Amino acid sequence: MSEPDSVIMTQLEIKGCAAVLYLNGIPITRLTPETVAGENCAVQQWLTPGENKLELLVEPGPTPSLARSPSFELDRREMTAVARLLKFKEGDDGTAQSGTMLAEARFEWEAEKPNTLTFPQSVFTSTQLGSSFGPWAWQSYPDLVLDASLIDEAQAILLELDAAVRGNHADRIWQLTELQMLDTARAYPALTEAYLRADITDMLQVFGVDGDPTLPRDPANQDFRLVAGAKLLELCDKDFRPSFRLRDRRRGQVVPFPTFLARVGKDLRIVR
């Protein structure tokens with residue numbers, strides 16, 4: 001369990017390659033030579049009781065559904081990637097040296113390795129975190145099957161999100177994301193339900209200015225995939241970006257909103 005004045009984060013750093021950091025089978029961070037060289041992400045909402053598995057996938061395939069295939073060969077070049085799970089206390093600067101290392105997976109093209117390697121390369125490690133935040137409800141939900149029916153259900157949820165944002169309906173957004181939000185409050189006790197409800201209202205004020213805040217989606221560009229052992233459906237595009245994105249016209253930015261669905265009773269629901 002994280003201490004009140006601390007937070008558990010993943011950290012991905014790369015040099016000369018692309019890589020994805022997975023925690024318990026969920027893709028958390030993807031970096032390429034065209035992006036930043038390092039990124040931290042708070043992950044207490046993804047921690048599970050007991051063993052937590054950290055994976056580093058180096059040079060993944062071109063789309064989410066092909067991240068682990070097909071295999072391809074690369075000639076030797078300088079290439080390093082490191083995935084870490086760290087605990088930071090309030091005031092730490094976010095570097096690996098300032099935090100407490102909980103787990104680390106590392107890939108380097110060392111001299112003793114062949115001059116040609118087959119990619120993607122996967123490196124696993126794990127750590128025991130005790131009770132963590134207790135089991136999450138989604139862990140006990142049924143496995144999903146990725147078929148046309150599931151994709152249609154997911155598309156309908158995206159349309160509902162669109163309508164709620166365009167209509168400035170904060171209560172409806174809360175209804176759609178309530179399971180996710182309540183788990184967020186559990187993982188980060190400082191983020192109370194009142195705070196999270198107010199955050200939705202603030203978000204609408206930011207994105208509801210000057211026209212349609214949602215970006216158009218092309219199903220041909222979408223590449224939804226099952227993660228977390230098929231418990232969750234990640235709504236993402238072929239370029240690995242979340243399918244649901246908003247447009248901040250005032251700042252000229254596009255803001256992605258990662259969305260993960262699970263089967264809750266008969267319904268598909270947003271749980272992360």
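Two strands count as paired here if DSSP finds at least two bridges between them. Helices (H or I, at least four residues) and strands (E, at least two residues) are DSSP runs, numbered from the N terminus. With that in hand, hello everyone, and let's walk through this structure together.

A word on the source. This is a predicted model, in which local features need pLDDT of at least 70 and side-chain atom pairs count only at pLDDT 80 or more, while totals for chains, interfaces and linings use all residues. Residues are numbered from 1 along each chain as its sequence is written, and side-chain values use heavy atoms, with hydrogens and water left out.

Let's start with the sheets. As a reminder, strands of a sheet pair through backbone hydrogen bonds, either parallel or antiparallel.

Please find strand E2, residues 19-23. Five bridges tie E2 to strand E5, residues 51-58, and the two run antiparallel. Which residue of E5 stands opposite Leu 21? That is Leu 56. These two strands belong to an open sheet of four, in the order E3-E2-E5-E10, with antiparallel pairing. Strand E3 (26-31) and strand E10 (121-128) are its edge strands, each pairing on one side only. From one strand to the next, the twist averages 20 degrees; the angles here run from 0 to 180 degrees between N-to-C directions, and axes are lines fitted to C-alpha atoms, for helices over the stretch in contact.

There is also an open sheet with the order E4-E1-E7-E8, made of four strands with antiparallel pairing. Strand E4 (38-42) and strand E8 (100-108) are at the edges with a single partner strand each, so one side of each has no neighbour in the sheet. Neighbouring strands in this sheet are turned against each other by 15 degrees on average, direction ignored. Inside it, strand E1, residues 6-15, is joined to E4 by five bridges, and the two run antiparallel. If you want a place to look, Glu 13 has Gly 38 in E4 as its bridge partner.

Now to the helices. Helix H1 covers residues 148-166, which is 19 residues. From first C-alpha to last, H1 reaches 27 Å, close to the 27 Å expected at 1.5 Å a residue, where the expected span is 1.5 Å times one less than the number of residues. Several H1 residues are buried, including Leu 150, Ile 157, Leu 161 and Val 165. Buried means under 20% relative accessible area, exposed means over 50%, and partly exposed lies in between (1.4 Å probe, protein chains only).

What does Gln 155 contact, leaving aside its neighbours within four places in sequence? Its contacts are Pro 219, Gln 222 and Phe 224, with contact meaning heavy atoms within 4.5 Å. Just after H1, Asn 168 takes a positive phi of about 60 degrees.

How do the helices sit against each other? Two packed helices are described by the angle between their axes and the distance between the axes. The axes of H1 and H2 come within 8 Å and cross at roughly 150 degrees. H1 and H2 are therefore roughly antiparallel to each other; angles under 35 degrees count as roughly parallel, over 145 as roughly antiparallel, 65 to 115 as roughly perpendicular, and the rest as oblique. Among the residues that meet here are Leu 161 and Ala 164 in H1, and Ile 173 and Leu 176 in H2.

Helix H2, residues 170-187, also packs with helix H3, residues 193-207: their axes come within 10 Å and cross at roughly 135 degrees. H2 and H3 are therefore oblique to each other. The residues meeting there include Trp 174 and Met 181 in H2, with Leu 196 and Ile 200 in H3.

My last stop is strand E15, residues 260-264. Four of its five residues are buried, so E15 is largely enclosed by the rest of the structure. E15 pairs with strand E12, residues 232-234, in the antiparallel sense over two bridges, and Leu 233 stands opposite Leu 261. E15 is also joined to strand E16, residues 267-270, by four bridges, again antiparallel, with Ala 262 opposite Arg 269. The hairpin of E15 and E16 has two residues between the strands, and Gly 265 there takes a positive phi near 65 degrees.
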